[in-house]
Amino acid sequence: MIRRSRTILLASALALLPSHPPLEAQLTDRTELIMALDSAATSHLEHELVAGVSVAVVMGADTLLMKGYGLVDLEWDIPTPEDASASYEIGSVTKQFTSAALLELVEEGRVDLDADVTEYLPDLDTQGHQVPVRRLLDHTSGIRSYTAMPAFGDLAVKKLPRDTLVALVSEEPFDFEPGTALIYNNSAYFLLGLIIEAVTDGSYEDYVSEHLFVPLGMDDSYYCSESAVRKNRAHGYDGTPGGLRRKSYLDHTWPYAAGSLCSTAPDLVRWNQALHGGEVLSPESYQALTTPAPLEDGTPTRYAMGLGVNGTGSHRVIAHGGGINGFLSDARYYPEEELIIVVLQNSTGPQGPGALGAALAEHVLGPRPELEATPFAGDLNELVGSYSGRARGRDLTVEVTVEGDDLVFTPDGSPNEIRPVHLEGLKWGQGNTLLWFVRAGGGEISELRMDQGSGHYVLKRIEG
């Protein structure tokens, strides 16, 4: 809150300087920016697999856009509310609320981030692994995600006790030794919800409502239900090759603390203002929430606690997306400009809200800087080979080849090659993907690391 006040005071002071553009120019620039933002959102709706979206763009105290587009109900041709007040299932945007709730309990001394998870959940079989609670928060626990298990397909539509899922997770082998890699993990956040319930003797739903939603005035945010009637709730649709269909059924027993919250664009703006303005957590807890911790070997990551952290300068962003049956979401905060962007969409498919969120950010901040390529002085042929390891939901093999002066990375099961630019040393990058090679004891190349923000995959060299 203090930072927003300083921003307003600074803007007022600059307005008194003779070199500052006239007020008419400022208003024109702002009007043109709002028109560009509105146009980007309108264009997003042109895709046949987009039903509707609610969009918010707020910089400091200035609301540049808060508007609904398209339809919240296709059968009845009901428009998305103009004021963006429709509520959506926000999927994995839920995770930052779970993280904040848990860190509140840490502040109260009721949870120890360094304690083994079995101290709170004794029925969980960790198969001899030590799993500190903090490893659940940043997806480095190694526990297998239940959404990657074939058995979950049958469970997803049933209403059973939540310990059913604990038993299912306990039977699955770990994807990696805790702390040695990062694979996006819904099981971890499901378990965090159970920890919150274990130490509070109440429900996760009630805790989040009473300790986060109500104090912050988030009156239109709640735990989702597959059956309850809610005013202004958007209906969700799944994108299929044949067009949009009503979303497939999912019992909200299971997304839980990993993805079962519902909210609106205005409420998520309020959440971001409160969270990043110091109203929710202590400075120490907020720092933990938004600072990615390294792996056990010191390798840096880009996922903190329910939030990804990417970019630099004015394009440094703290963000998370969400996807659940019938809905996609994107919520991002740019600290340097105090810019909040929220896009909530009531349909799934290739035209997702992340692309619109990024486009809106570029309208406000300018183009995102391209990765700066540097010459590679070594022998590219030394890096050629096959690299394999565990990725999200499957084993991944990447073939590395050379074409001219370029390295080409071809993941199995993907029609798209990755043609990154060389950054430094043994590191390459393309978009949000970083790739680098590791030498065994400083000698031969033994590993390929693939960092995609919400995943840090360790791929061992198997051929080359």
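**Salt bridges and exposure**

Visitor: Why does E226 count as partly exposed?

Guide: This is a predicted model, and in it E226 has a relative accessibility of 27%. Exposed would need over 50% and buried under 20%, so a value in between is called partly exposed.

Visitor: What makes K159 and E226 a salt bridge?

Guide: Their closest N and O atoms are 3.1 Å apart, and the cut-off is within 4 Å, so the pair qualifies. K159 sits in the loop between α5 (152-155) and α6 (163-171), and E226 in the loop between β6 (222-223) and β7 (237-240), which puts these partners 67 residues apart.

Visitor: And K159 itself, why is that one called exposed?

Guide: K159 has a relative accessible area of 56%.

Visitor: Why is D251 called buried?

Guide: D251 comes in at 2% relative accessibility, and buried means under 20%, so that settles it.

Visitor: What makes R270 and E279 a salt bridge?

Guide: Here N to O is 2.8 Å, so the pair falls within 4 Å. R270, at 24%, and E279, at 34%, are both partly exposed. Elsewhere, salt bridges with shared partners join R144, E172, D175, R390 and D395 into one network.

Note on methods: Residues numbered from 1 in each chain as written. Predicted model: local features only at pLDDT ≥ 70, side-chain atom pairs only at ≥ 80, totals over all residues. Heavy atoms only, no water. Salt bridge = Lys/Arg side-chain N within 4 Å of Asp/Glu carboxyl O. Helix = DSSP H or I, 4+ residues; strand = E, 2+ residues; numbered from the N terminus. Buried < 20%, exposed > 50% of the residue type's maximum accessible area, 1.4 Å probe, protein only.
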